[in-house]
Amino acid sequence: MERIDEDKLIDEVTGKSYEYGFTTDIESETLSPGLNEGVVRTISAKKNEPEWLLNWRLEAFKVWSEMNEPDWAHVEYEKPDFQAISYYSAPKQKKELASLDEVDPELLKTMEKLGISLEEQKRLSGVAVDFVMDSVSVATSFKDKLADLGVIFCSLGEAIQEHPELVRKHLGTVVPQRDNYYAALNSAVFTDGSFCYIPKGVRCPMELSTYFRINQAGTGQFERTLIVADEGSYVSYLEGCTAPQRDENQLHAAVVEIISHDEAEVRYSTVQNWYPGDKDGKGGVFNFVTKRGLCHRAAKISWTQVETGSAVTWKYPSCILKGDDSIGEFFSVAVTNNKQQADTGTKMIHIGKRTRSTIISKGISSGHSQNSYRGLVQIHPGAENSRNFSVCDSLLMTDTCGAHTFPYIEAKNPTAQIEHEATTSKIGDDQIFYCQQRGIEEEEAIGLIVKGYAKDVLNKLPMEFAVEAQKLLTISLEGSVG
Amino acid sequence: MLKINNLCAKVGDNEILKGLNLDVKPGELHAIMGPNGSGKSTLAAVLAGRDSFEVTEGSVDLDGIDLLDLEASDRAREGVFLAFQYPIEIPGVSNLNFMKAALNGKRTHQGLEPIKAKDFLAKVKECSSLVELDGQLRDRSVNEGFSGGEKKRNEIFQMAMLEPKLAILDETDSGLDIDALRVVSKGVNAMRSSDRSFIVITHYQRLLEHIVPDFVHVLSNGKIVKSGGKELALELEEKGYDWLKEPSHDTSNA
C-alpha cells in the first residue's frame, strides 16, 4: 500500500489553485463526433494510459460493435445515434456567471426549496465562487485523515496513473466489458469517474464524496466508478446530488463496480436528479447505468437509491453474493412524473451458502409517466439455506400513469426461502382531505403521504442526504394531483 | 359564531342538503340527530370543505368569515375541526409528525413561529392523557392498525391539540364500547368552554347522556325539521323519527 506524503499533499492543496484528484488535465479540444477504433485509441492516449488498459478498451469496443441495443426494458425512446456523439471532450469549462442574477430563476427556486446554502447554490449553478480559506482547510484535514488511514479516494484517471496495480486487478471483474451494450460502450470510451480503496480492517470515518460534490459535476457522460473494500473494511459512499442537474449530454451510460472482500461492508447511496426534460419529456437525459457489486465471504453491499430525474432510466444495481454468508440489500424510491419512464430494480445472485438479500422498492408514478420495477432473485444450486425477502410497492398519483412489476425468481436449491410482497395503491383523496382538515395544505399533504410511503427506504439514507431527499420527493411531485 | 343560512348541497344530481339553517353561539353544544340518509354526514363534510360536494345555495359564516370561500386547510386553520366518522390511515407518517405539521400550519397562518419541540411535547403529553392515549399510539403511524376505539380517541386527541373554535363530531360514538365512549366523552367535556362551540352528530341518545347538549335538532331530508332542548333526544329515543318526517313529495328517485 502506497502512502501519500503529507507534506506533498498540503503543498498541493494550499498551492496555487484548488486542484486535487477530480479536476485534472484540462484540454481544450473536443473530438469530432463518431466512434471507431481510432477514437478509442485517442482517448486512451490523451489520458496517457498504460497499454493493458488500451487493449482492454479495444476489446470492449470490438464486443460493443457486435452487439445490439437492448429493447426488453419497458421504456420507449428514440435510440441515440452513437455516431453523432463526441466521445472525448475536455472537461467542460462552463461559462462562469458573474452573479446569481444570471441563473435560471426556476433552478434557484428549486435549490432554495431544497435548503441549499447560498454559497452552494452559486457553485452548483456555475457562478464564480471565491474559495474561502476555511473550505480549503476543511478539505485538507479531510484528505489528511483519509491518507493516514491509507484510504485512497481519487478520480479513476488519477488512480490509473498512481495505483495501476489496484485498478488492473479489479477493473471489469464485476461488470465485464461484454456484460451489456451500454457497459461495453462505457468500457471502450469511459472518460473518468471515481476510485475508492479502503484497506484491510479500516472503517472509513466519513461518508465519502460529501465534501467532494463539487468535483462530481461535469464528470461526463461515460463515467466509471470502482470501489474496492478490502477485508473487514467499511465505507459509505454517496453519489449524486439533490440539486437539479442540467446537462447537454443526452446519453449517460455509467458503470459502477464494487468489490467487497471478506467481511467488508459497502453502503452505496445515490440521489439522482438529472434533468427529466420538459412536460413532454423533451430534452431529458437518458440514464443507462450498470451498477453491480461482488460480495466475498460474509461481506455486505447495500444499495440505496432515490431516483427522481432523467427522461428514461434503465438501472439495476445488483449484488453477486459469491461468498458464503454474504448479504445484499437494495432499497429504492423511484419517482416518475410527466412523461418520464423508469425501468429499474435489482438482481440478487445467490451463489454462496447462507446468503441473504433484501429488496425494498417503492415506485411513485404521476402525470403520464411509466414506472417499472424489474427484479431477479436467483438462487444457484450451491446456495444452501439462502434467503430473499422482497417488497415492491407502487403508488399511483394520477389515472394516467402506469406502474408495472416484473419480478423474476429462479430457485435451484430446495433449501432456499424466498418471500415476495407487492402492493399497488392510489394516493387517496380521503388521505389528502384528512390532512387538509387538520390544516395541512394539499401540496404539503401529498409530501407527507409520499414520505410516509417511502419511509422504509429514506431511513436507509445517511442523515445529511435523507433530509434533502425528502424535500426532493415533495418537489418532484409538485402539482401532480389535480 | 356560526351562522348557516339556507344551505343547499348536492353530489352529482343528488340533492342532499335542501335549505338548512342553523345558528350556533359561542360555548354552545348542538346535537344533530336524524335517520340514515338525512344528510347529517354531508353537513359535516360540507362545513369542513370536502370538495366532492357542490354547494348550490346558501352561506356559512364563521365569526364574519365566509367559510364556503375557503379551502379545507384554511377552514381548519380558522378553527374548524372535524372528528371523522371513519378516521383515515396514513402509513409511514407518525402521529406526532402529523400533529406537528397541522399545528405549525395553523401557527404560520396566525403569524406565529413554529412551536418549540419542548412545548410541543408538553402539549402532546397533556392532550394524550385527556383521552388515555398511550405513548405507543402517539408514536405509531396515523391511525394505522388502530382499533375502532383507538381511532376515535385519536380524533379527540387531535382536537385537543388543535384547540378549534368549532368542533364537529361526526358519529364519534359509532363503534365504541361503553368504556371507550366514557373516555371519549370525558375528553370532549373537558374541552367545552365558553368560546368553543360543538356540533355533535349522532344516531343515538346514548352519547348525549355523556355529552349533554344545549340544543337538539332533527335533520330529515336535508332540512332541520325540529329543534329543542336536551329532552328532545329522549323523546326521539322513545318515538323514533317517523312522526317528524315531512310528507315526501319527492317522486323523482323512484
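1. Two residues are in contact if their C-beta atoms, placed from the backbone, lie within 7 Å. Keep that in mind as you look at this predicted model, where local features need pLDDT of at least 70, side-chain atom pairs count only at pLDDT 80 or more, and totals for chains, interfaces and linings use all residues. Residues are numbered from 1 along each chain as its sequence is written, while chains are lettered from A and ligands numbered from 1 in the order in which they are written.

2. Start with helix 11 (residues 429–437) of chain A, where seven of the nine residues are buried (20 or more other C-beta atoms within 10 Å of their own; 12 or fewer is exposed, and in between is partly exposed). Among them are A:Ile432, A:Phe433 and A:Tyr434. Helices (H or I, at least four residues) and strands (E, at least two) are DSSP runs, numbered from the N terminus.

3. What do the buried residues of helix 11 of chain A pack against? They pack against helix 12 (442–453) of chain A, and also against helix 1 (40–48), helix 2, strand 6 (80–83) and strand 7 of chain B. Just after helix 11, A:Gly439 takes a positive phi of about 95 degrees.

4. Now the two chains together: 20 residues of chain B are in contact with 17 residues of chain A. Helix 2 (72–77), strand 7 (90–94), helix 3 (95–109) and helix 6 (148–162) of chain B each give two or more residues to this side.

5. Finally, visit A:Gly201, in the loop between strand 2 (194–198) and helix 10 (213–216) of chain A. A:Gly201 is partly exposed because 13 other C-beta atoms lie within 10 Å.
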